[in-house]
Amino acid sequence: MQQLTNEIRAIARKLLREKKVEVVIGFERGSMPLRSRPCFIRKEEEVNRLFWDGFCENALAVYLPKRKERAAIVAKGCDSRAVVELIKEKQVQRDRVILIGVPCRGMVDRSRIESSAAPRRILEMREIEDTLILRGTDFEETLKRSEFLHESCKTCTHPNPVLHDVLVSEWLEEKNEDPFADIQTFDALTAEERWDYLNKEVDKCIRCYACRNACPLCYCPECFVDASLPQWIGKSIDSSDTMIFHLMRAYHLAGRCVSCGACERACPVGVDIRKLNRKLVKDVKDLFGYEAGLNLEQTSPLATFRPDDTESFIVNP
Amino acid sequence: MMENPYVPFPMRIEEIITETEDDIIKTFELSFVRKEEEEQFVYTPGQFAEISVFGQGEAPFGMASTPTQPGRLAFSVSKIGVVTGALHRMEKGDVVGVRGPLGNGYPLEAFKGRNLVLVGGGFGFSTLRCLTNFILHDSNRKDYGALTVVYGARAPGLLLYKKDLEDWRKRGDLQVHLTVDKDEKGWQGHVGLVPDVTRSVAPDPRNAYAVVCGPPAMIRFTLPVLKELGFGDEKIFLSLEMRMKCGIGKCGRCNVGSKYVCTDGPVFSRAELAGLTAEEHV
Amino acid sequence: MIPGGYGLPPSSKILKKDRLPSFLERLLEERIVFAPVRRGEVILIREIHAPSEVVLEYENAKESPKSIFFPEREPLFRYRTEKGKVEVDIPPGRERSRVVFGIRPCDARGLLLLDKVLGGEYRDPYYFDKRAETLVVSLACDHPNPSCFCLSMGGGPCSPEGSDLLLLDLSDGYLAEAVSERGAALLEDPAFEKSDEESLAVAKKIKRESEVSMKPVAMKENLEEHLERVFDDPVWKDLTETCLGCGICTYLCPTCYCFDLCDEAAGSSGERIRVWDSCQFPLFTQQASGLNPRPTAKERFRQRIMHKFSYLPKSQAMLGCVGCGRCVTECPVNLDIREVVKSLSGGNGG
């Protein structure tokens with residue numbers, strides 16, 4: 001990890017020194033064990049704040065739209081896909097952003113680590129290759145990193161940045177195609193069971209909009225839930241309103257969602273937001289053979305119209 | 001005060017006056033449906049009430065009527081949002097909900113025996129109309145000194161309360177200075193901005209208070225003029241507009257520093273505001 | 001509410017752990033009982049129907065218990081309109097009394113702030129109806145989390161403030177200290193035994209160790225005045241640059257109470273409801289004209305900090321933060337309020 005950190009710092013230092021960018025958006029050490037967090041570096045002397053480990057889970061592309069500065073961004077595979085989508089959707093100018101690509105071995109889900117250690121409290125964590133060494137007041141324990149990854153990372157098929165200007169470390173072997181096992185299980189349920197499942201999940205929602213705000217592709221200046229003239233949906237946690245929020249958001253992201261998992265990680269109450277998004281990722285792939293954010297050339301299927309578009313999705317859901 | 005401060009009481013729309021040529025501002029005259037609320041609704045100029053259009057929500061409006069004419073309340077409503085749009089679609093005889101009176105109102109005790117200059121612009125003039133009519137009432141006029149009213153709008157057709165303005169013009173016990181941004185045929189008032197007119201007509205600051213109420217830009221440019229004229233910060237009162245919801249200091253959105261516009265205001269002296277941390281535009 | 005103090009409790013008894021279920025059974029006979037329960041991965045404070053649902057070996061609930069007193073969605077009244085007429089119905093008050101069992105002292109103390117802001121001249125009848133009929137039994141923290149900072153906010157891991165009864169885990173049982181008369185009445189239940197000097201001594205030691213284990217937050221004295229001086233400092237922009245503008249910090253907070261009023265109508269009838277709102281949302285202060293005094297995350301985040309650490313101390317003589325640490329652990333970008341306060345405390349005074 002230290003090596004990646006050093007490489008990122010060196011690249012950032014060079015970019016700032018040569019005035020290629022005004023800001024480097026990366027990660028720094030968080031305020032607690034198992035936390036790294038976004039940071040903005042504008043001065044060469046601050047590059048040593050930059051840090052890299054298995055907890056750099058935020059989707060940094062969320063900070064790019066509307067940014068006036070020329071920015072460099074530390075980009076995992078999913079981040080680079082988000083940037084690609086943002087460029088295609090004209091929210092980011094390709095020549096105003098430099099991608100510092102970091103092939104990613106998946107980010108660690110701190111809540112899993114915490115529950116595995118509970119009730120003991122983790123005071124310190126070190127990450128060496130595929131091991132995590134936890135230390136508390138009266139224990140030390142070594143865990144296998146790959147066993148504690150975020151759900152979105154477990155199913156990730158694009159760990160390497162799809163677009164980058166500089167590359168940190170070496171290319172990782174790409175995994176096989178995602179079989180969407182979870183979605184196949186979900187699809188196998190009856191409509192009623194699926195509805196019940198979604199209702200149960202959505203009932204947890206507190207309408208904090210962390211999912212939306214953490215999402216790099218949710219950049220609408222006015223989200224439909226906030227519109228007042230006309231007001232489309234109620235503001236409370238009434239389950240029908242909450243359901244509409246999640247369903248509409250998922251549909252708005254269909255063909256655009258890059259499966260970064262930022263929504264689910266931001267959710268404080270554990271709503272299975274990914275289920276909806278992944279269902280639509282799979283549908284878009286099945287129907288249009290399209291995966292969001294893989295390259296700058298391919299047009300988004302739901303943002304284009306062709307007379308020979310398949311009708312099965314519309315006619316026979 | 002009301003036992004449940006969130007529950008409005010009913011009032012009936014008796015009259016709807018379209019005030020401006022662009023139809024954006026209408027004044028609603030309301031009558032009390034129940035005697036008890038009529039008796040309880042004792043208010044001061046500068047206070048406001050929350051008006052409910054059931055099914056659409058609630059919005060705050062300063063009383064444009066005067067307490068010296070009991071039995072009715074008047075509110076001028078600019079059609080800009082959900083509730084105001086719904087109000088504009090209402091008709092005579094319809095019932096709305098009212099909560100109030102809310103807020104502090106103008107400091108009438110301090111104003112007694114003093115000369116006053118009231119500076120208003122656009123839609124913000126409603127509570128100054130209330131204050132003017134209150135002072136002009138036979139039972140109050142002797143308590144106050146000279147009264148100067150400066151009132152501006154972009155065009156003559158956008159001035160509110162035309163009948164009042166005409167009545168005031170006929171009276172000898174106040175000076176009314178109307179101003180518009182652009183001259184129009186037949187216009188007899190000033191042409192120019194409110195701060196400039198204020199500079200030329202304001203009374204001697206000694207023994208005088210100034211009250212300013214209007215759009216933020218007008219306030220921003222009028223305040224230095226008043227200072228230049230010699231009005232101290234404690235002699236200038238402003239009525240602030242912030243987004244309000246509950247009107248009772250609970251919902252948390254209308255604060256300027258540690259004060260709530262809805263309960264500590266909406267009327268503040270400039271001296272009071274100087275001690276508060278305010279967002280840039282306030 | 002009768003706030004308690006430290007020192008020797010006015011009355012205390014022992015509740016052996018094996019007698020807890022019978023105590024809860026009797027509570028359930030008379031009252032609606034809310035307690036920590038496991039829901040999937042997280043602990044939430046929810047209504048329980050059997051003692052077995054209760055989880056007392058926990059750090060803190062994901063959400064604060066404020067929704068029991070101040071729900072996310074609360075109908076204020078129903079209305080029915082027809083031409084020239086309107087009828088308004090206010091929902092009746094609560095009939096069954098309730099108890100919130102096993103919440104943490106920080107959250108109990110948070111209720112004292114809600115009492116202040118929702119009280120006063122315009123007393124909020126919906127909140128106080130629930131508050132008056134609800135006993136608060138809290139469970140002291142013997143092992144505060146690294147994210148906890150109640151002690152720095154004027155409370156403490158074993159603070160009795162805001163509780164009617166405070167339980168302290170002595171491993172085979174709980175020392176139960178009555179903080180209010182209502183709490184003392186609970187001690188009449190046969191499940192409680194007399195406490196002894198030894199238990200009291202152990203409890204005292206646990207309290208002290210718990211407090212000592214907490215890391216203090218570096219906070220300037222007279223922070224409320226200092227913050228007003230640094231209101232225009234450019235540091236706010238740096239502090240809030242990573243903020244995503246979501247409502248997690250405010251919604252999970254035990255003392256955030258800002259709300260919105262909305263009408264939900266179907267045809268000629270409907271409800272006026274109160275829903276939680278957040279100062280972190282742009283719409284919170286956006287005026288119908290489009291003007292917004294707090295247009296960016298910087299102003300909105302500043303409002304949250306000013307409200308908690310300057311405005312409330314000035315208007316209510318109480319900090320708007322009880323140090324529960326939820327915003328610290330749940331913020332998606334780890335924007336740590338303790339670091340913010342520390343950083344502002346070190347400011348040069350603008």
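Into which domains is chain B divided? The views below come from a predicted model, in which local features need pLDDT of at least 70, side-chain atom pairs count only at pLDDT 80 or more, and totals for chains, interfaces and linings use all residues. Residues are numbered from 1 along each chain as its sequence is written, while chains are lettered from A and ligands numbered from 1 in the order in which they are written.

**View 1. The two domains of chain B.** Chain B consists of domain 1 (9-101) and domain 2 (108-239), with bounds from an automatic or database domain assignment. Their centres, taken over C-alpha atoms, are 23 Å apart. Domain 1 of chain B gives 17 residues to the contact and domain 2 of chain B gives 14 (contact: C-beta atoms, placed from the backbone, within 7 Å). On the domain 1 side, five residues are nonpolar, nine polar and three charged (Ala, Val, Leu, Ile, Met, Phe, Trp, Tyr, Cys and Pro count as nonpolar, Asp, Glu, Lys and Arg as charged, the others, Gly among them, as polar).

**View 2. Chain B against chain C.** Here 36 residues of chain B are in contact with 41 residues of chain C. On the chain B side, β1 (9-18), β4 (57-62) and β6 (95-102) each supply at least two residues (strands are DSSP runs of E, at least two residues, and helices runs of H or I, at least four, numbered from the N terminus). That side has 13 nonpolar, 15 polar and eight charged residues.

**View 3. Helices α8 and α10 of chain A.** The contact joins H246(A), L247(A) and A250(A) of α8(A) to I273(A), L276(A), N277(A) and L280(A) of α10(A). Five of these residues are nonpolar, two polar and none charged.

Notes:
Two residues are in contact if their C-beta atoms, placed from the backbone, lie within 7 Å.
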